[in-house]
Structures are given as structure tokens and as C-alpha cells.
Amino acid sequence: TIISNAKNKMLDAYSYATRARDFRTEKYAQIFMEYQKQLQNNNALDFDDMLVLAVKLLEKSATVREKYFNRFKHILVDEFQDTNVCQYKMIKSIYTNDLDEDDIPQSKSLCVVGDVDQSIYSWRGADYRIILNLQSTFRKTHLIKLEQNYRSAETILDAANSVICNNKQRISKNLYSNLGKGHP
């Protein structure tokens, strides 16, 4: 998980090692270095490497970036609250082609579906701040809140609302249901 999280933040083994400040992180850095060495010796990649290398290719090659920018007119990302930095960079690169938001053709669209209150994968590198900052990153964003719940009764949603309203960083919403109070 430590190596995967580092890669999801776009840190290679060397960058991770330069940030190691205690015995534990220094040991993780050694393991990370050896792990990468073994991958290279076996001409192998792990899943995180595939994402990182794709993002690096998009960042370095305007030709490749433009190819995918032109290929995908509509991008849909589900469970966006569980996006990590590497995944976000890939999405942004393909959607914007490094253009200013005002220069992105109106024929292109980016639709993300997510709920910051349901972000549960921080242990896997997900960064809930990505979804929180989406409207400031893309000023033309249109937010649609899906507050009606079709599965749960009011009693359950009242309990959920009373818990999630305590989250310090969130987009406000009020879950409700037309199913009645339900059983206690």
C-alpha cells in the first residue's frame, strides 16, 4: 500500500527516498527501490506503473495528448470521490489537452459522478479534495445534487444526515426519501 500510494501521488522510488525522514520511511524507501529494480529486471510493470507511465507520456508528448484529446469527446468518471492524483492528472490531460478552460471546444464534455461524503479509499490513495476542488478547477462546472434516496427510509437518512453534516470539508446536501419513516 505504501508503494502504491507513493506512485498514485506520482512519486517514483528515488523521490520517495529523498523524502524519507525516519527509520521506517527509510526502510520503505529501500523496499521501494528494490521492488522497482526487480520489476525492471523482469521487464514488468505493476498496475500503478501503467497509470503513472500513461500520465507521464501524456505530459511529455503533445502528439499523444492531442490524439486522446481528439479521440474522446465525452468523458464520464464514476465514483470520482475515489480518484487519486495520478488518475486525476490523466483525466485532466485528456479532457483539456493543457488548454485553458475557455479554449476547450464546447463539443467536449466531462461528467463526473461522486459524493465527497462517500470517499472511503484514502488508504488506497484517493484524495477527496479533488472532488471538492472540481468547481474551482473547472469554473464552468454545473453541479447537480442527487439528494433523493430511493432505497432507504427517512429514519435511516435522518441518521446519515446527522453524521455527515459533521464533515468539515464537504458539499452540503440533505438526503431525503419518499418512503416514509420506516421501522425504527
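This is a predicted model: local features need pLDDT of at least 70, side-chain atom pairs count only at pLDDT 80 or more; totals for chains, interfaces and linings use all residues.
Strand β2 makes the greatest contribution to the lining of the largest pocket, giving four residues. Residues are numbered from 1 along each chain as its sequence is written, and side-chain values use heavy atoms, without hydrogens and water.

Helices (H or I, at least four residues) and strands (E, at least two) are DSSP runs numbered from the N terminus. A pocket is an open set of points on a 1 Å grid over the protein atoms alone, where a 1.4 Å probe fits, with protein on both sides within 12 Å along at least five of seven lines; lining residues have an atom within 4 Å of a point.

The largest pocket has a volume of about 1300 Å³, the space filled by probe spheres set on the points, which are joined across faces, edges and corners. Its lining holds 42 residues, and Val112, Val113, Gly114, Leu143 and Ile144 are the closest to the centre. Besides β2, the elements giving two or more residues are α7 (129-132), α8 (134-137) and α9 (154-164).

Let us return to β2. Strand β1 (residues 74-77) runs parallel to β2 (residues 109-112), joined by four bridges; strands pair if DSSP finds at least two bridges between them. Leu76 has Cys111 in β2 as its bridge partner.

Finally, the second largest pocket holds about 250 Å³ of space. Helix α3 gives the most to its lining, with five residues.
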